[in-house]
Amino acid sequence: MQQWQKIFDRYSKYRQEGLESRYVNPSMLLDILEQNAYQYEIIGYSFQNKPIYKMRFGIGSRRVLLWSQMHGNETTALRASLDLWNWLHSKDEYSQDIYRHFTIDFIPQLNPDGAELYTRRNAQQIDINRDFLRESSPEIMVLKDCVEKGDYDALLNMHDMRTIFHAKNSDLPASISLLAASIDAENNYNPARIASECLAGYMFHHLQDFLPKAISRFDDSHYPLATGDNFMKQGTPILLLECGHYPEDYPRHETRRFTFLTLILWLQGQMGEEYDKLQWQREYQLVPVNDNKFYDIIVYNVNIVNNTKQSFDIAIQYDEILQEDKIVLQGKIAEIGDLQHYQAHEVIDATGKHFKFLTQGELKIGSPARFKLDNEEYNFVNIQM
């Protein structure tokens with residue numbers, strides 16, 4: 001058995017306590033850093049003058065950097081990375097190999113202002129991931145300065161993705177998605193992009209045994225303002241890792257566990273073992289492209305006029321809202337019409353049942369999702385996660 005498979009089997013041993021919620025604010029992060037006595041330093045400050053930390057592990061010659069919470073409401077990779085840090089500091093023989101081989105830097109919360117408010121953007125309302133060229137946000141300057149000074153061999157940019165995504169032709173949501181970013185609109189290659197595709201192919205090859213039909217890759221259209229595209233263009237190999245939905249797992253506990261495994265594979269793929277570049281690049285190009293045909297809930301065959309055959313379908317999508325340091329799901333009507341070519345994480349068949357909309361006002365896009373089918377009430381608003 002591969003060493004990393006044994007580690008994955010013992011995952012619960014390394015899982016960081018206190019991170020059951022998807023809400024992780026800056027004070028919670030600092031408590032974890034101090035409680036575990038991890039090596040860290042302040043490398044800059046956010047727009048609202050909150051510290052941005054960089055953690056370090058290892059003394060090896062291969063230098064790598066990963067970061068999370070570039071978007072403040074995307075915390076799965078942060079939680080999984082702290083689990084990884086617990087394993088790295090264990091007495092495991094393999095973690096000691098990592099210690100000797102790598103110098104690993106980790107920026108756990110690049111956007112602490114957004115993390116505090118559980119918002120995608122920073123306090124200036126800027127998407128940091130699209131601010132590489134203009135440099136309007138202090139946070140992107142902190143990241144670029146860190147990369148410039150670090151002379152890294154590889155970068156990992158980690159995010160969460162919405163529940164709408166799935167691998168093309170798959171009936172399962174995409175729990176993990178990878179992308180080796182492009183360097184220009186003509187889809188050219190440089191050594192950094194080739195190296196990134198090889199590494200992603202290695203990761204996919206081993207991950208698909210654990211997540212069959214649930215791994216995808218984003219399309220590699222060029223985004224001139226994006227962080228990944230520009231670091232790749234500059235010649236530093238970089239992967240985008242997106243943590244997605246796992247069936248019946250809105251808190252993303254299972255996704256967190258598989259992200260932990262993905263991070264180990266990201267490191268192992270750089271150890272020089274089993275690394276045939278041509279083979280792994282082909283593997284990456286076989287990863288199914290992402291599609292976005294999932295809704296959280298679809299109610300099929302809704303009939304609001306008695307004794308007629310006219311019916312339609314209703315799609316419901318959740319918004320994540322921060323309420324008193326907890327995340328709640330607020331279901332809203334996302335689409336009305338013929339949805340037979342879409343999929344859903346939950347399906348309700350309203351055939352032959354009397355539908356009554358319970359929200360004040362008319363049934364329309366954006367309305368809170370509360371209704372009755374005959375005498376059974378369905379309330380998808382303010383669901384505790």
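Modeller: Lys and Arg count as positive and Asp and Glu as negative, while His and the chain ends are not counted. A charge is placed at NZ of Lys, CZ of Arg, CG of Asp or CD of Glu. This is a predicted model, in which local features need pLDDT of at least 70, side-chain atom pairs count only at pLDDT 80 or more, and totals for chains, interfaces and linings use all residues. Residues are numbered from 1 along each chain as its sequence is written, and side-chain values use heavy atoms, without hydrogens and water.

Biologist: How far apart are the mean positions of the positive and negative charges?

Modeller: For the 39 positive and 54 negative charges, the mean positions are 0 Å apart.

Biologist: What share of the residues is called buried?

Modeller: Buried means under 20% relative accessible area, with a 1.4 Å probe and protein chains only. Of the 385 residues, 55% are buried.

Biologist: Why are β12 and β13 called paired strands?

Modeller: Strands are DSSP runs of E, at least two residues, numbered from the N terminus. Two of them pair if DSSP finds at least two bridges between them. β12 (residues 312–323) and β13 (residues 326–337) are joined by 11 bridges, so they pair, and they run antiparallel. Gln323 has Lys326 in β13 as its bridge partner. In their hairpin, with 2 residues between the strands, Glu324 takes a positive phi near 50 degrees.

Key. Helices (H or I, at least four residues) and strands (E, at least two) are DSSP runs, numbered from the N terminus. Buried means under 20% relative accessible area, exposed over 50%, partly exposed in between (1.4 Å probe, protein chains only).
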